[in-house]
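Welcome! Take a moment to look over the sequence and the 3D view, and then let us walk through some of the features together.

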Amino acid sequence: MVSGEVILFSELNFEPYAVVVDLIRSQARAILMHDSHGGLANMTLFQFMLDTVEDLVSTLEQENPLHGTLLRTQLEDEVPPDDGTAMYSFRASKRILTILVEVMQFQFVVNEVLRDMQAGEPLISDKYDTLWEVPVRSILRWDGDRLTTQYHFRSAVDYYHFLLLRFVSCHPAVAWCHCCGRYFIPKTKKKTLYCDRILKDGKTCKEWGPILKHKQKVSQISVVEEFDRAKRRMYKRYERAEFLNKEPSEKDLSYEEYYQWLDRAVRARDDYLSGRLSTEEALKIIRTP
């Protein structure tokens with residue numbers, strides 16, 4: 001189901017992937033520093049970067065065949081062949097890194113779209129100006145009694161972009177669970193505050209929600225809402241570190257640091273909701289990078 005896959009993608013934790021991408025990013029930055037100073041690239045470092053990329057892709061193909069296969073396909077399509085010039089390593093390094101980070105960046109786009117849809121905000125705005133079309137190769141096939149359409153994708157971002165457009169075109173009523181803080185699609189048109197995910201002791205958010213809402217009113221703070229605000233703050237710090245030609249500051253977050261924080265914050269939110277952490281303990285974890 002398209003809606004389920006889009007929401008699942010919005011919740012993926014890319015931490016293991018981000019750790020390796022950060023390593024490749026530091027290697028690419030070192031290579032590109034030679035370019036900015038008019039020097040020759042360190043070919044040993046460049047080859048080490050290529051070997052790291054190959055290890056990453058091979059591991060993904062085993063652990064996440066969809067992402068791994070599409071990543072290899074995109075790299076083969078878009079990284080130019082070695083032309084023997086001194087500039088090749090600079091051009092290839094930039095393109096490789098751009099390809100590797102695209103899927104993480106697109107996850108943030110998906111979360112922004114879900115957030116705006118849930119809030120009733122219009123999606124036709126400047127921040128989505130490149131969202132409304134995606135190149136897709138389609139094949140019409142006659143299956144004996146009906147005509148079907150097959151879609152072929154050459155990158156993970158194109159695949160999830162396609163799913164997102166199909167999702168948006170159905171005008172679903174996106175809701176934000178006031179218990180666990182995750183997005184969901186209500187089963188009826190009636191306003192729904194809680195999803196049907198299992199939260200604790202075999203009971204769903206819909207069953208636990210009213211109890212926890214009373215608890216939050218008593219403490220006068222919502223851990224779930226603070227998690228949502230903190231996630232947006234941390235992404236801004238992560239976003240500032242995107243530029244290869246800029247040295248990261250103490251306030252910037254690397255890909256690895258962002259997803260490590262996200263993993264800790266998600267566990268703190270969930271542990272709070274299941275009664276294993278107090279409000280103060282959960283908020284301290286969520287607010288600490």
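Let us begin with one residue. Arg115 is partly exposed, because its relative accessibility is 25%. Please keep in mind that the model you are looking at is a predicted one.

Which residue does the side chain of Arg115 meet in a salt bridge? The partner is Asp228, and the N to O distance is 2.6 Å. Arg115 belongs to helix H5 and Asp228 to helix H8, so this pair ties together parts that lie 113 residues apart in sequence. Asp228 is buried, since its relative accessible area is 17%, and the cut-off for buried is under 20%.

Side chains of opposite charge can pair when their charged atoms come close. How many salt bridges does the structure hold? The count is 18.

Another of them joins the side chains of Arg229 and Glu226, at 3.0 Å from N to O. These two residues are 3 apart in helix H8, so about one helical turn separates Arg229 from Glu226. Are they buried or exposed? Glu226 counts as buried because its relative accessibility is 6%, while Arg229, with a relative accessible area of 41%, is partly exposed.

Asp270 and Arg269 form a salt bridge too, and their closest N and O atoms are 3.1 Å apart. Here Asp270 counts as partly exposed, at 21% relative accessibility, and Arg269 counts as buried, at 3%. There is also a network: Glu226, Arg229, Arg233 and Arg287 are joined into one by salt bridges that share partners.

## The largest pocket

Now for the open spaces. The largest pocket holds about 860 Å³ of space. Its lining is made of 35 residues, and those nearest the centre are Gln107, Phe108, Asn111, Glu112 and Lys231. Which elements give two or more residues to this lining? They are helix H1 (2-11), helix H5 (88-119), helix H8 (223-239) and helix H9 (255-273).

By class, the residues that line the largest pocket divide into 14 nonpolar, 8 polar and 13 charged.

## The second largest pocket

About 360 Å³ of space lies in the second largest pocket. Its lining has 17 residues, and Phe14, Tyr17, Leu60, Asn64 and His67 are the closest to the centre. Helix H1, helix H2 (15-36) and helix H3 (43-63) each give two or more residues to this lining.

Which element gives the most to the lining of the second largest pocket? That is H3, with 4 residues. The lining of the second largest pocket is made up of 11 nonpolar, 4 polar and 2 charged residues.

## A closed space inside

The count of cavities of 30 Å³ or more comes to 1. The largest cavity has a volume of about 50 Å³.

By class, the lining of the largest cavity has 8 nonpolar, 2 polar and 1 charged residues.

## On the surface

Leu140, Trp142 and Leu147 make a nonpolar surface patch of about 380 Å². One of these, Leu147, sits in strand E2 (residues 147-152). Is Leu147 buried or exposed? Leu147 counts as exposed because its relative accessibility is 54%, and the cut-off for exposed is over 50%.

## Toward the end of the numbering

Thr288 is placed in the segment after helix H10 (279-286) and counts as partly exposed, at 40% relative accessibility. How far from Met234 is Thr288 in sequence and in space? The two are 54 residues apart in sequence, and their C-alpha atoms are 9.9 Å apart in space.

Conventions
Residues are numbered from 1 along each chain as its sequence is written. This is a predicted model: local features need pLDDT of at least 70, side-chain atom pairs count only at pLDDT 80 or more; totals for chains, interfaces and linings use all residues. Side-chain values use heavy atoms; hydrogens and water are left out. On a 1 Å grid over the protein atoms alone, a cavity is a set of points where a 1.4 Å probe fits but cannot get out, and a pocket is an open set with protein on both sides within 12 Å along at least five of seven lines; lining residues have an atom within 4 Å of a point. Grid points are joined across faces, edges and corners, and a volume is the space filled by probe spheres set on the points. Ala, Val, Leu, Ile, Met, Phe, Trp, Tyr, Cys and Pro count as nonpolar, Asp, Glu, Lys and Arg as charged, and the others, Gly among them, as polar. Patches are made of residues with over 30% relative accessible area and no salt bridge: like charges are joined within 9 Å, nonpolar side chains (Val, Leu, Ile, Met, Phe, Trp, Tyr) within 5 Å. Accessible areas come from the Shrake-Rupley method with a 1.4 Å probe; for residues, only the protein chains shown count as cover. A salt bridge is a side-chain nitrogen of Lys or Arg within 4 Å of a carboxyl oxygen of Asp or Glu. Buried means under 20% relative accessible area, exposed over 50%, partly exposed in between (1.4 Å probe, protein chains only).
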